[in-house]
Protein chains: 2
Amino acid sequence: MRATLLTAVGDIALTEVADPAVHFPTDAVVKVTATCICGSDLHPYRGTAPTVFPKRAGHEFVGVVTDVGSAVSTLKVGDLVVAPFAISDGTCVRCRNGITTSCQQGSFWGAPDRRGVLADGAQAERVRVPLADGTLVRVDTPLDDALLADLLALSDVMGTGHHAAVSAGVTEGSSVVVVGDGAVGLCAVLAARRLGASRIIAMSRHSSRQALAREFGATDVVAERGADGAAAILELLGGEGVDCALECAGSQESFEQALAVLRPGGRMGCVGAPFFQVPVPKLFGANIGFRGGVAPVRAYLPELLQDVLTGAIHPGRVFDLTLPLAEVAEGYRAMDERRAIKVLLRP
Amino acid sequence: MRATLLTAVGDIALTEVADPAVHFPTDAVVKVTATCICGSDLHPYRGTAPTVFPKRAGHEFVGVVTDVGSAVSTLKVGDLVVAPFAISDGTCVRCRNGITTSCQQGSFWGAPDRRGVLADGAQAERVRVPLADGTLVRVDTPLDDALLADLLALSDVMGTGHHAAVSAGVTEGSSVVVVGDGAVGLCAVLAARRLGASRIIAMSRHSSRQALAREFGATDVVAERGADGAAAILELLGGEGVDCALECAGSQESFEQALAVLRPGGRMGCVGAPFFQVPVPKLFGANIGFRGGVAPVRAYLPELLQDVLTGAIHPGRVFDLTLPLAEVAEGYRAMDERRAIKVLLRP
């Protein structure tokens, strides 16, 4: 089959690899219906994160089960499934605590699983799924293209945006600022609205992203950044900061931006891969909370899937470019150059 | 009147100063019935925090109102009152949000108030109280010595321990580790029990403090520290960390200790003056939350006072040495040398 391979910084290609097969009784094999490119895929592509090349790429997919191991009990051939961006058994204490990304048997796509066998990358035609009962979520609804995009967004960005909102304690009536206008930031806007926030300020200077932020529920959009951005937000709010800041970018600049707009006692929900330091005395003095991390998307999937299936949310709107998998390299370029918010790939 | 004055590192004395008086219409004057020495008073005493000498000392007191300004509406001469360790108006948005230590008109004892007039230190015979309606809490119960100690603990340590527990999200059934066996750490044990924690592990190697921790509700005491301490705790818990770690010391060592015993998704409640750095990738990878800060004791006072008055809690048990105010220097020595957990002073 064909799979995406990062061979060096900036060098991505679709290459012929061995077909995946059930290796352990708890495995399934899934034929990929749609996959996509993540902002975090750009780190190895750009050389901004340590990476061992060659690397199989992709960690988001929707597909159809084509084979199951003898120990798989909840899935059968032909099932439509959504895969979260991390593999988890669903039964260990950490999964039961809702932190599926810390699963005691867990691993990540495109790298060896806990038993040393490669878990395929998702930007491919087929994927071996370890711990299939724990990892995959079955969808019992006929598929169409609109639903496909919404389901695919549940693999990562919608659950990650939701994790930012949950980590920051967003609840009915909260005032919220979202820092970062990538697909995760936009989904964080949608998540904040879904959780009942009454004021949602999106920070974005790109008109297409501003428009989607408003569609997702942003009550205000602030284009300025840094001190100007903070001043604009405080003016909107009558001088006092917000209850919750959703940090969806991960840079020192974005962290400081989030911190600058929080009221004393406010909370930050951080989901952007963290390339920042925390100024502890500043947080401590103002009782600012800090929470978040690698989003346990699997734990949120049933709840969010329900809202996708009823049409209450359409997180798939973040996909503004669809390409055949064969054009994956162009997809990376479009993401890298910010020509696309998020690229959907069809094998 | 006589008041405690820090004149240099290690040099504390009771000196004659001007009698306080109502200066602003929102002021009250309180005759101090009891005051005490805080772990944080040891920072200027030891020279471990930047301090401008001479400094009026003390920020915890219980007393009787002897004068009120014309704008004070909730207090009258003769009222028994508890003062929290920070001055706050009780009406601004930050007070209404429960973060009274960030009050827009707020200030701290022993330093100029927001209008530039000294707010007396509490280790004295009398104290001018700015923003008296917002700051002071009236107690409508006859006083005896046992109640006096419990009330005085509400000035700081009980509310601060409670803040650690609240910040860490302690709730019914939580498993909790308390790092720090000073008066705040011990009150954090009591607060965790009060909030329904089912497992409370106190870290202490001093037998008198261990005993009080058990009296306050600790289910286990671990004397080891560092990696040995973490290993002992994980063994007690069957291998997985706790839900909540209450960081009541503030050093890098105590912070790392708290981090080492938390499960993925666990939360840290920090109330020790923070002399530590936060290893962000470690917190992020395991979804460890970080919250806390300068405790808004005033906001918690009514609720905790209720439990003191019914006898449900006896936080005053942390006072294991009572001295006349004239012997304040000996009180500082006893705290500094850890001969006493907390010293109560009677003017």
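This is a predicted model: local features need pLDDT of at least 70, side-chain atom pairs count only at pLDDT 80 or more; totals for chains, interfaces and linings use all residues.
Two strands are said to pair if DSSP finds at least two bridges between them.

## Strand pairing in chain B

In chain B, strand 13 (residues 175–179) and strand 16 are joined by four bridges and pair in the parallel sense. Within strand 16, B:Leu246 is the residue that B:Val178 stands opposite. Strand 16 also pairs with strand 17 (residues 262–270) of chain B, again in the parallel sense and over five bridges. There, B:Val242 stands opposite B:Leu262 in strand 17 of chain B. How enclosed is strand 16 (residues 242–247) of chain B by the rest of the structure? Six of its six residues are buried, so strand 16 of chain B is largely enclosed.

A further pairing in chain B involves strand 3 (residues 28–36) and strand 11, which run antiparallel and are joined by four bridges. In strand 11 of chain B, B:Arg128 has B:Val29 opposite. The residues of strand 11 (residues 126–129) of chain B point in two directions: B:Arg126 and B:Arg128 one way, B:Val127 and B:Val129 the other way. All of these residues are buried.

Chain B also contains an open sheet of three strands in the order 2-1-4, with antiparallel pairing. Its edge strands are strand 2 (11–16) and strand 4 (55–56) of chain B, each of which pairs on one side only. Strand 1 (residues 2–8) of chain B pairs with strand 4 of chain B in the antiparallel sense over two bridges. The bridge partner of B:Leu5 in strand 4 of chain B is B:Arg56. Helix 12 (residues 328–336) of chain B lies across strand 1 and strand 2 of chain B, and runs at about 155° to strand 2 of chain B.

| Strand pair (chain B) | Sense | Bridges |
|---|---|---|
| Strand 13 and strand 16 | parallel | four bridges |
| Strand 16 and strand 17 | parallel | five bridges |
| Strand 3 and strand 11 | antiparallel | four bridges |
| Strand 1 and strand 4 | antiparallel | two bridges |

## Helices of chain A

Two packed helices are described by the angle between their axes and the distance between the axes. In chain A, helix 6 (residues 183–194) and helix 7 (residues 207–216) pack at an angle of about 15°, and their axes are 8 Å apart. Because angles under 35 degrees count as roughly parallel, helix 6 of chain A is roughly parallel to helix 7 of chain A. The crossing of helix 6 of chain A past helix 7 of chain A is right-handed. Helix 6 of chain A contributes A:Leu186, A:Val189, A:Leu190 and A:Arg193, which meet A:Arg209, A:Leu212, A:Ala213 and A:Phe216 in helix 7 of chain A. The residues of this contact comprise six nonpolar, no polar and two charged.

Helix 9 (residues 252–260) of chain A has the buried residues A:Ser254, A:Phe255, A:Gln257, A:Ala258 and A:Leu259. Their cover includes strand 13 (175–179), helix 8 (226–236), strand 16 (242–247), strand 17 (262–270) and helix 10 (280–285) of chain A.

## Contact between the chains

In the contact between the two chains, 28 residues of chain A meet 28 residues of chain B. On the side of chain A that touches chain B, at least two residues each come from helix 2 (93–96), strand 17, helix 10 and strand 18 (289–292) of chain A. Which element of chain A gives the most to this side? Helix 10 of chain A does, with five residues. By class, the side of chain A that touches chain B has 14 nonpolar, ten polar and four charged residues.

How values were computed. Residues are numbered from 1 along each chain as its sequence is written. Chains are lettered from A and ligands numbered from 1 in the order in which they are written. A residue is buried if 20 or more other C-beta atoms lie within 10 Å of its own, exposed if 12 or fewer, and partly exposed in between; C-beta atoms are placed from the backbone. Two residues are in contact if their C-beta atoms, placed from the backbone, lie within 7 Å. Axes are lines fitted to C-alpha atoms, for helices over the stretch in contact, and angles run from 0 to 180 degrees between N-to-C directions. Angles under 35 degrees count as roughly parallel, over 145 as roughly antiparallel, 65 to 115 as roughly perpendicular and the rest as oblique. A crossing is left-handed if the near helix is turned anticlockwise from the far one by less than a right angle, and right-handed if clockwise. Ala, Val, Leu, Ile, Met, Phe, Trp, Tyr, Cys and Pro count as nonpolar, Asp, Glu, Lys and Arg as charged, and the others, Gly among them, as polar.
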